[in-house]
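Please look over the sequence and the structure before reading the points below.

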Amino acid sequence: MELNNLKDAFDRVAKKQKLSCSKVQEVMDQIVQEIEKAIEMMQSTTLDHKSILAELKKKLHEIAPLAQLEGTQKELNIALSKYPKALEKTLNPDISKAYRNIEFDSHTVNQIIAGHFYRQGMFDVGDCFITEAGEAEAAAAMRSLFQEMYQILEAMKSRNLEPALKWAAANSDKLKENGSDLLLGLHQLQFVKILQKGSREEALKYARTNFVPFAGNHMAEIQKLMGCLLYSDRLSESPYAHLLSPTNWDIVAEELTRQFCNLLGQSYQSPLSVTIAAGVQGLPPLLKFMTVMAGKKQEWQSMKQLPVPVELDKEFQFHSIFVCPVSKEQSTEDNPPMLMSCGHVLCKQSINKMSKNGSKTFKCPY
Amino acid sequence: MEEGSRTENLQVQNCRARLDHLESVDAENLSEWNNVRFKRILVDYMLRMSYYDTARKLAESSKIEELVDLEVFQEAKKVVDALKNQEVGPALAWCAENKSRLKKSKSKFEFQLRLQEFIELVRAENYMRAILYARRYLAPWGATHLKELQLVMTTLAFRSNTECTKYKVLFEPKQWDFLVDQFKQEFYKLHGMTLEPLLNIYLQAGLSALKTPCCFEDGCTKEDPLSQENFRKLAMPLPYSKQHHSKLVCYITKELMDTENPPQVLPNGYVYSTKALKEMAEKNNGKITCPRTGLVCNYSDLVKAYIS
């Protein structure tokens, strides 16, 4: 982001602040020095105290500390007042212009946040949050669900596949329903791990016990793994070196997370992250609209549909939306899209309008 | 003197760190930068709701202490805690510190604090002290806020457990909560922050942008945040999103259909992407089975649809 003039303005402020600071220090030191000198004189000589104090007063006047401090302070203030102006020019100072004044129920929001922390594995932050916010019961359920998942993932990070294999075996039919290869992937990793330790017979035994159910659909994979047996001590130079790569572990961990969330009935990505990311993309056009339509605050609070189209990235498109190319309206139950014989699709209302309710024939607008 | 310059130096450091952070965004680290922004939004929410420990934990675990205002909110914490304990001391001290700026924004917060202290004196039936207090502290505000002043002065005539509704409400402990909210608003205005938590602003924009009538049906995919009860509740009063171009999502592959992967219409009216239908045809001798109705037809019976 182009921030050069902002940075210059800020550097000026910082410099002036340092200057002002050091000046203050200097002046204070001077004053302290004079006072100490005066005290010394008072203690050492027999001169009359009044005259010493008068001398001190004169000296302090000469130094004129106030005037010096005022000078640097003024410069600092000037730089400080220019800085916010530069800020306002480059960045948008108020993003709450597009906000509607409706109360967000804080309990719901807190529950959403607690759920988010648990599903990201941030258990201690989540616990601290529910104690401070007082949301204990509702969030506890989420916590136990995701704790199991994170325990399995932690074990996998330290290359221990036991919990993962146990979970996958327990849920194997549901996994098969979803068409997931998780169980095979886990067995693959375990097989390569055993082979890396160098024990060929153990690996062969493992393969015999566990690979049989996959022989039907995944013969090619199993053949590759069997080929690895030949290279058991030189796997890194074999054509199967890619099986040693740690990314395989990451891929299987991701698949495990996906399937776990699926079986729990949860989405893969935290819904809070998705909504905030959508908000980040959606806010700029709304703000632009609000700055242009400055006066219409009332309408803004009560409209049923956003006034400007908000283009989000592909990953936020969860539902199909049909927009008629002629009337630019979104189709609904009463106004469905209709296919013409040329292959173009218009909404029912547009077709009715063009053919005057079915009486005339009409030409496709394309 | 030293402490003053220390705080100033800290502020300078923070500002510089933030400017650097803003400048550091580019295409490669975009998702991580967005992640940091997300954490900042969460910490801001925690601080505003007074969940200070969670805010600190979150900021430390993501190393974003310089990008969030933990110290600034520490001074707010003192005032808020005191107000919750029904003490106005720190709040008045804060007003005195920021007198000139509060005056510029025509704030009547100090007046409200004084009124509350007056009411507490009346509640304790210290009538003489209350009157002296009023003469000293409330009179200067009389010029601008006469009606309110008169209302509160009349409480002298009632007892604190009065049944008269107009004055009963002034004696309720809820007034203190109102003062806490009022303080927070003044505090945000003074420091140039938005009056609403950043989280709410982004949530509103996001929910609106994602809200379509399909989200409320039963078949809504779990990946859509609006399939969850919590989000639906929040999104109820918000407007629907608006689109200018059709976006069709294939039921089979869940991918977007566009000119390279156009939609094809089956004889029963259901629509799927060319990619999914071709794959199905190749595996099944050119035959297509509609996943939603079970109708079987040939790949050659399909009609390509043009949607834009």
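The points below are grouped by topic.

This is a predicted model, in which local features need pLDDT of at least 70, side-chain atom pairs count only at pLDDT 80 or more, and totals for chains, interfaces and linings use all residues. Residues are numbered from 1 along each chain as its sequence is written, chains are lettered from A and ligands numbered from 1 in the order in which they are written, and side-chain values use heavy atoms, with hydrogens and water left out.

**Confidence**

- The model scores ipTM 0.78 and pTM 0.78.
- The average pLDDT (the predictor's confidence in each residue, from 0 to 100) is 82 for chain B, where 98% of the residues score at least 70.

**Domains of chain A**

- The domain assignment, which is automatic or taken from a database, divides chain A into domain 1 (3-90), domain 2 (135-264) and domain 3 (320-358).
- Between the C-alpha centres of domain 2 and domain 3 of chain A, the distance is 50 Å.

**Two helices**

- Helices are DSSP runs of H or I with at least four residues, numbered from the N terminus.
- Helix α9 of chain A (residues 182-197) has 16 residues and spans 23 Å from its first C-alpha to its last; this is close to the expected 22 Å at 1.5 Å a residue, a value found as 1.5 Å times one less than the number of residues.
- Of the 16 residues in α9(A), 13 are buried, that is, under 20% relative accessible area with a 1.4 Å probe and protein chains only.
- Gly198(A), with a positive phi near 105 degrees, follows α9(A).
- In chain B, helix α7 (residues 109-123) includes Gln112(B), which is buried at 11% relative accessibility.
- Beyond its neighbours within four places in sequence, Gln112(B) has contacts (heavy atoms within 4.5 Å) with Phe178(B), Leu179(B) and Gln182(B).

**Nonpolar cores**

- A nonpolar core is a set of buried Ala, Val, Leu, Ile, Met, Phe, Trp, Tyr and Cys residues joined through side-chain atoms within 4.5 Å.
- The largest core has 124 residues, and Ile113(A), Met156(A) and Phe191(A) have the most contacts inside it.
- Apart from that core lies another, of 24 residues, including Cys324(A) and Met257(B).

**Cysteines**

- There are zero disulfides over all chains, a disulfide being a pair of cysteine sulfur atoms within 2.5 Å.
- Cys324(A) is buried at 0% relative accessibility, but its sulfur is 3.6 Å from the closest cysteine sulfur, in Cys347(A), and therefore too far for a bond.

How values were computed:
Buried < 20%, exposed > 50% of the residue type's maximum accessible area, 1.4 Å probe, protein only.
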